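Subject: Structure handover

Hello,

The structure is below, with notes on what turned up in it. Please look it over when you have a moment.

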Amino acid sequence: MPGPAHCYPTQKGELSMKYIFRLQSIILAAAMTFCLAQAALAQDIKLNGAASVVTDLVAPHRAAVEKATGYTLVVDKSNAGKGLIDLIDGKCDAAMASASLDATVKAAKSAGLTKAVPDLKMHVIAKSEVVFVVHPSNPVKSLTWEQIKDIHTGKIVNWKDVGGKDLPITVYTDAKASATRGLIKQVVMANGEYAASAKAVGFVKEVNDKVAVDASGIGGLGLGFVDPAQVTIVATKKIERPLGFITVGAPSAPMQKVMAAFKAASGN
């Protein structure tokens, strides 16, 4: 009688098991690579600062930029000065700025910046316009830069002095830490000081809202914040400003990718 059968692994069976183990290792490695790639794509890019940049650049193109880059944009809207402080403190990848680098640094110092200013780089993506608005009942429809300067510095204090009613002028400005206020001071006011009576608001959109209910009011703000149903834009020489991002030194590769996407999305 034949002896009992013994189960010994055949060479073919051993090769099959080795193949299975190798295949499992390859699949596991591929899965890990995919997860790492997905994690990289899911990286957050933090942008802090100017409300004007959010309104005129980031908000209109955010979805397109996130789709093109695979990154999630985390946006903290405040003002350029605070955004620059956040950048220097390492709280964001870039500060959003709506004025020159010099004006933004001055705005940050007004907001309490005490640290040494590092090597900052300004990256302009697009441009927008700053305008001055008055109450719809105001008969003054145009002003020269010299008149605007004198109004903001307190040299002209009554609308009758520029062809308007016998009414004291109330100047509304963006927050002291804003780049818009800094730009107006630098470009229109030739770095003159605002009159002590000028009323700084907490957020740039409030300039529109305050002037809308104050027949004596005037204020400068980004065109994107103007509601033409509430206020009248005063005709004057065009005031153009940059919209962009500030980085400490050269931007990181992800930030470069984000900026390129914003340029493409905005047609610049």
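Backbone, helix and strand notes

G112, which comes just after α4, has a positive phi of about 110°. This and everything else here refers to a predicted model.

Helix α4 itself covers residues 101-110, and its buried residues are A103, T104, V105, A107 and A108. Those buried residues pack against two other helices, α3 (80-88) and α6 (179-188). They also pack against the strands β3 (94-97), β4 (120-134) and β9 (239-248).

Two of the elements that came up there lead on to other findings.

Neither residue is a glycine, yet A190 has a positive phi of about 50° and N191 one of about 65°. As for accessibility, A190 is exposed, at a relative accessible area of 52%. N191 is at 41% and counts as partly exposed, because that class runs between the 20% limit for buried and the 50% limit for exposed.

Strand β7 takes in residues 217-222, and six of its six residues are buried. It also pairs with β5 (residues 170-173), in parallel, through three bridges. There, G217 of β7 is the bridge partner of T170.

Regards

Notes
Residues numbered from 1 in each chain as written. Predicted model: local features only at pLDDT ≥ 70, side-chain atom pairs only at ≥ 80, totals over all residues. Heavy atoms only, no water. Buried < 20%, exposed > 50% of the residue type's maximum accessible area, 1.4 Å probe, protein only. Helix = DSSP H or I, 4+ residues; strand = E, 2+ residues; numbered from the N terminus. Contact = heavy atoms within 4.5 Å. Pairing = 2+ DSSP bridges.
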